[in-house]
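Student: Please take one residue in this protein and look at it closely. Then set it against the rest of the chain.

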Amino acid sequence: MARPGLIHSSPGLPDTCALLQPPAASASAAPSMSGPDVETPSAIQICRIMRPDDANVAGNVHGGTILKMIEEAGAIISTRHCNSQNGERCVAALARVERTDFLSPMCIGEVAHVSAEITYTSKHSVEVQVNVMSENILTGAKKLTNKATLWYVPLSLKNVDKVLEVPPVVYSRQEQEEEGRKRYEAQKLERMETKWRNGDIVQPVLNPEPNTVSYSQSSLIHLVGPSDCTLHGFVHGGVTMKLMDEVAGIVAARHCKTNIVTASVDAINFHDKIRKGCVITISGRMTFTSNKSMEIEVLVDADPVVDSSQKRYRAASAFFTYVSLSQEGRSLPVPQLVPETEDEKKRFEEGKGRYLQMKAKRQVAMATGPKFPPWPKTRFTLRAGIV
């Protein structure tokens with residue numbers, strides 16, 4: 001591997017750099033994988049200081065900004081890997097983001113360290129593990145803010161509708177490949193299960209009552225311009241995720257009428273590419289509330305207005321979880337959602353099932369995994385996604 005060096009990771013982010021790290025750079029990073037036939041960096045790291053224009057209205061870093069940086073790091077390392085052998089040149093496109101938890105807040109003035117590493121490859125996809133650390137440059141203190149798993153597919157530069165094969169990697173242990181294959185099969189099945197929702201449309205309702213689904217549902221319409229796209233004419237996955245987080249935040253704020261914070265993002269599925277010139281509609285609606293959390297479904301539809309031969313289609317979908325905060329930053333009870341229609345009641349029960357399932361997983365993880373400091377009982381600390 002070449003000697004580590006600094007390079008600019010993307011235009012438009014002058015303070016961003018990608019640092020090629022040696023395999024042992026981080027104890028928390030996923031196991032490094034390399035082989036004689038695949039000369040790609042074992043990991044990269046994007047570093048950028050958080051500026052005032054990265055802030056939300058509460059003064060902390062917007063959750064969508066962090067999601068965008070996570071995707072940038074994943075796109076860089078997966079594109080490099082997919083072009084590591086002689087053959088048709090390609091670009092890695094985001095297909096799915098697994099559940100992402102906001103573990104700790106990130107503040108303006110801190111440095112974000114976003115590290116990415118390839119953990120598995122199938123014939124046509126790449127799994128990338130991304131960790132986000134925040135650094136207080138005055139004290140040197142660091143803390144983990146996010147962990148995410150992303151899946152990319154290589155698209156030919158000659159024809160972006162053509163998916164190419166991924167160069168293989170060599171694993172240091174046989175178990176790594178077996179574990180990766182299980183994760184690949186699980187996410188592939190889940191992606192197929194989400195397609196039944198692709199016909200859902202969020203319709204506006206006149207004079208809705210407070211705390212109903214229609215009262216807080218919101219939509220954002222955005223014309224895809226060159227600054228939103230890769231050099232090959234389709235939208236960066238991180239741009240889409242940031243817009244989705246903004247809409248989810250609006251829904252949560254309308255429902256609560258308080259400060260709100262992104263607590264987690266369920267799997268984000270990218271069903272199809274969004275091309276330059278499309279008009280996209282990002283719609284959000286409340287699906288479930290517990291005592292202190294809200295689940296919001298976000299749907300992204302693309303309308304290729306410059307191409308009359310193509311119809312409107314579903315481009316992405318995900319569930320976001322938010323919590324409510326007082327002006328002093330203390331956690332508040334969430335107003336309970338009042339489902340009215342049969343579809344709303346069905347989505348509420350499905351959301352309740354996801355909530356209980358994730359709650360059970362957290363309890364198992366706390367009992368069997370590494371011990372982390374508990375959340376304060378009187379003050380909620382997850383502020384990365386306040387809008």
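Tutor: Start with the whole. Of the protein's 387 residues, 51% count as buried. The model is a predicted one. It contains five helices and 15 strands. The accessible surface of the protein is about 18900 Å², and carbon and sulfur atoms hold 56% of that. Now the contacts. Take those between residues at least 6 apart in sequence: 75% of them join residues at least 24 apart.

The residue to look at is Phe-288. It sits in strand E12, which covers residues 279–289. Is Phe-288 buried or exposed? Its relative accessibility is 6%. Buried means under 20%, so Phe-288 counts as buried.

What does Phe-288 touch, leaving out residues up to four places away in sequence? Ser-293, Met-294 and Glu-295 are among its contacts. Further along the numbering, Phe-288 also touches Leu-337, Phe-348, Gly-351, Lys-352 and Tyr-355.

Next, a loop residue. Asp-307 is in the loop between strand E13 (294–303) and strand E14 (313–325). Its relative accessibility is 31%, so Asp-307 counts as partly exposed. Asp-307 pairs up in space with Cys-278: the C-alpha atoms are 8.8 Å apart, and the sequence separation is 29 residues.

Now a helix for comparison. Helix H1 runs over residues 63–82, 20 residues in total. From first C-alpha to last it reaches 29 Å, close to the 28 Å expected at 1.5 Å a residue. Why is H1 described as largely enclosed by the rest of the structure? Because 17 of its 20 residues are buried.

Asn-211 is in the loop between helix H2 (174–194) and helix H3 (213–216). Its phi is near 70 degrees, a positive value in a residue other than glycine. Asn-211 has a relative accessible area of 24%, and is partly exposed. Lys-257 is in the loop between helix H4 (237–256) and strand E10 (259–265). Its phi is also positive, about 60 degrees, although Lys-257 is not a glycine. Lys-257 has a relative accessible area of 59% and is exposed.

Key
Residues numbered from 1 in each chain as written. Predicted model: local features only at pLDDT ≥ 70, side-chain atom pairs only at ≥ 80, totals over all residues. Heavy atoms only, no water. Helix = DSSP H or I, 4+ residues; strand = E, 2+ residues; numbered from the N terminus. Buried < 20%, exposed > 50% of the residue type's maximum accessible area, 1.4 Å probe, protein only. Contact = heavy atoms within 4.5 Å. Expected span 1.5 Å × (residues − 1). Areas by Shrake-Rupley, 256 points an atom, 1.4 Å probe, with all protein chains shown as cover.
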